[in-house]
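Subject: Structure for your review

Dear colleague,

Please find the structure below, followed by an account of what was found in it. I would be grateful if you could read the two side by side.

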Amino acid sequence: MNDVLSIIVKRLGLGLVTLLIISILIFFAVELLPGDIAQAVLGMGATEENLAALRERMGLNDPAPVRYLDWLAGAVTGDFGVSLVTGESVASRIGPRFVNTLFLASYAAVIAVPVAIILGVIVALLRESIFDRVANVVTLTFISSPEFFLGYILILYFAVQTGWFPSLARIDDGMSFLEVLERTFLPALTMVLVVTAHMMRMTRASIINLLASPYIEMARLKGVPAWKVIVKHALPNAWAPIINVVALNLAYLITGVVLVEVVFVYPGIGQTLVDAVSKRDFPVVQACCLIFAATFILLNLAADIGAILTNPRLRHPK
Amino acid sequence: MTKSTTPESMERLVEAAKRGRVSRRAFMNYAMAAGITSTTASGLWTTTAAQAAPQKGGTFRLGTHDGNTSDSHDPGTYLSFSIIQLAHTYRSYLTLITPENDLGPDIAESWEATPDAKNWTFKINKNASFHSGKPVTADDVIASMNLHRGEDSTSAATALLKDVDDIVKDDEHTVTFKLASGNADLPWLMTDYHLAIVPGNEDGSANWQSGDGSGPYKIVDNQFGVGAQLVRHEGWHLEGAYFDAVELVVLNDPNARQTALVTGDVDAVTQLELKTLSLLQRSPDIEIDNVPSAAAITMPMFCDQAPFDNVDVRNALKLSLNRQEIIDKIAFGTATMANDFHHSPAMPYWPDDIEQRPYDPDQAKSLLKKAGAEGLSVSLSTADSVFSGAVDMCVLYAEHAKAAGIDIKVQREPNDGYYSDVWLKKPWCTVQWGARPTPDVMYSLAYKDDAAWNESHWQNERFNVLLRQAKSELDQDKRAEMYREMAILAKDDGGTVIPMFTNFVYARRSNVKHTGKLAASWQCDGARACSRWWFES
């Protein structure tokens, strides 16, 4: 287990370096955008004097590296600064919306991961059958359609024509948990449809890969039923690639939702990021991007650790 | 006399008016086309509309476009439409635009000027109070105005109040604006969405942070970029505020807005997607309001730069545009034809007798020949962010201009930063202008010789003399005559091609009613739908 611990520590250290590099890239990418924040905030209506006054108030007259270092000095102590546009702290600006995004991602994941893996096992069992082909074609169709299009289709059938679910996924603190689940069902379903194919096909492929192994043949020869061969003998050895794909898709559920948010008017972090970029609100952009980057780093780390824990050879190296 | 004069069609029209299906303007047009005099038609309208008496009650849910999570309560940085809609719901202004598109009282119950239009005195309505209960006084008004004045102001409205030398308190409920030069339009300027009245602090600064206001509805809960919940401010100083509560929902996606309206998740929405307008019109539960406005699409050319420095070239370009086709194909019919002067029929003093410039490639050709610029080739900068269909419009224009032997190269620019990198920098580009209340505001902003935004670099002595004279002229008739002459100058000498004034197109469910008269200053009845409309029970 010490090896696992040292891997975690090493990977977290590397992760911090990655975050630092990302923060530099983001800062200068925002700098490169045409126009500046003062112009974006005041719009066409501003005079030169307004702009100068606003730039002064926001501290935009310092050279770019100085501003970056100022921000970094705050960030390492956990202070991500204040939004340049509204003056609120970045944490209070992003916090509630990130919670919403996490909620939607978890909702989708709780449905998508079991469905995808169970479907993957079933199609591996019934490979080359009609069921296998239909499941493949359907999930591949979903993954090949853009999310907003899937969203519109779901709205058309489940909100406009049947009225089963609301088309707007607006939630607030006063709603009961069940009500929240009902309101966010369509966006969650959209995301489920988008991520299922990838996980299902990886499960199917990695199981089928193993089916040619001698120990599987042995199990069959001794008379183990087909479903048991797959669930008890093949699946445990197929976990590593599946976990990797699951982690990748979980990260996507958090970082790739902006279109779904827009279509269903869900108050998540994606819209905050888009607004912040259009206003050149660097501290908010930075915080959102770092959250996304950290999500990827942590989920990848979790995937690697999961792969080690499910593989006895890695768990007990000689 | 046309076929539509049959009594049945008139009856249908009246029926449609009773059910709120036609606007007053459309009603008048149809009625007059049917041979009825304007007085009769107007009377007919009043009797039909009068049957729809406002009723109190209900929660009005309005889906608005253009909401941003970085919006704030600071009136100086109001910019997105959602915040403008909210501002007219929870705050008030000194004056307002009435549904008849006249100037009316809001916080100020009356106002008067000295004969030189240099000193304007506003009497504050004694019934006006903030949601906190505090009455609105002269100090609050002065604090609110000073937020937009002074060297270090970060308000986008500083330019508007540049001529105001001082604002003094005459008594608790009277303030006087002292101007450096006469301005007959000052009361109109007070309707600008930045100039909201906020409570003043002890030290004379403005307390905008609290989100307190003196408007018809009081904020209960608000999240910028998401939505706001408001309840009626009992004892509001004006007539209206029929809904018990109002919910503003930010719906940036046009499809989300329409779906929400169709499924009944909201009662009204702003800004419809024009491409699907004809589909939405089929629904019996939905009423569409199509209101001509003063918002314009312009194409300014730098008059001090070849080839635009030649007035014949400029006029040839103005003649090479088929405006009707642009309105039909780009605006889907929801626009009013413009005539190359930036003064819309929705603004006061509009001169209605100026001949419309036609699409005439032959005349354009001969003008070019006269200018020695045959086979003219120019580039026109545009971007899709200017307005939906901007690039298509320019491509269509280029096709029209081919008939006059002009080669217009449509230059597609990046959406991002268009107004900092293209507008005022490229010699010919497309621009979208929001509605301005009066011709003076518009001309002073973008056509005056020394204006920072003189987007066409146009210098015309007579125009500028008239502009200065008209500004302080309190005699309405003389003023109208001056604006008429200026319009002709701009049309025939100016450097701006103006294809159309865009309409405001928005929709409501059919149980939401209004008088049929809609202010044209903003979407949704001058952004005052929440206090002017009502539910039919």
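**The interface of chain B and chain A**

Between them, chain B and chain A bury about 3000 Å², of which 57% is on carbon and sulfur atoms; buried area here is the accessible area (1.4 Å probe) that two parts lose on being put together, summed over both. B:Thr69, B:Ser70 and B:Thr154 supply 19% of the area that chain B buries against chain A, more than any other three residues. The contact (heavy atoms within 4.5 Å) takes 43 residues from chain B and 39 residues from chain A.

Please note that this is a predicted model, in which local features need pLDDT of at least 70 and side-chain atom pairs count only at pLDDT 80 or more, while totals for chains, interfaces and linings use all residues. Residues are numbered from 1 along each chain as its sequence is written, chains are lettered from A and ligands numbered from 1 in the order in which they are written, and side-chain values use heavy atoms, with hydrogens and water left out.

There is 1 salt bridge between chain B and chain A, the term denoting a side-chain nitrogen of Lys or Arg within 4 Å of a carboxyl oxygen of Asp or Glu. The side chains that meet in it are those of B:Glu247 and A:Arg170, at 3.5 Å from N to O. On the side of chain B that touches chain A, at least two residues each come from strand S10 (245–250), helix H7 (254–263), helix H13 (418–421) and strand S16 (431–433) of chain B. Helices (H or I, at least four residues) and strands (E, at least two) are DSSP runs, numbered from the N terminus. H7(B) gives the most to this side, with 6 residues.

**Chain B as a whole**

Chain B contains 18 helices and 19 strands. Its C-alpha trace spans about 70 × 60 × 45 Å along the principal axes. A compact globule of 537 residues would have a radius of gyration near 24 Å, and the 24 Å of chain B agrees with this; the radius is taken over C-alpha atoms, and the globule rule is 2.2 Å times the number of residues to the power 0.38. Of the 537 residues in chain B, 58% are buried, where buried means under 20% relative accessible area, exposed over 50%, and partly exposed in between (1.4 Å probe, protein chains only).

**Salt bridges within chain B**

Over all chains, the structure holds 34 salt bridges. One of them joins the side chains of B:Asp139 and B:Lys169, at 3.0 Å from N to O. B:Asp139 lies in helix H5 (residues 138–146) and B:Lys169 in strand S6 (residues 164–171) of chain B, so the pair ties together parts that are 30 residues apart in sequence. B:Asp139 is partly exposed, at 40% relative accessible area, and B:Lys169 is also partly exposed, at 37%.

B:Arg357 and B:Asp340 form another salt bridge, their closest N and O atoms being 2.7 Å apart. Both residues lie in the loop between strand S13 (335–337) and helix H11 (361–371) of chain B, 17 residues apart. B:Arg357 is buried, with a relative accessible area of 8%, and B:Asp340 is buried as well, with 2%.

In a further salt bridge, the closest N and O atoms of B:Glu485 and B:Arg462 are 2.8 Å apart. Helix H16 (residues 476–493) holds B:Glu485 and helix H15 (residues 461–471) holds B:Arg462, so the pair ties together parts of chain B that are 23 residues apart in sequence. B:Glu485 is partly exposed, at 28% relative accessibility, as is B:Arg462, at 40%. Salt bridges that share partners also join B:Arg323, B:Asp340, B:Arg357 and B:Asp492 into one network.

Yours sincerely
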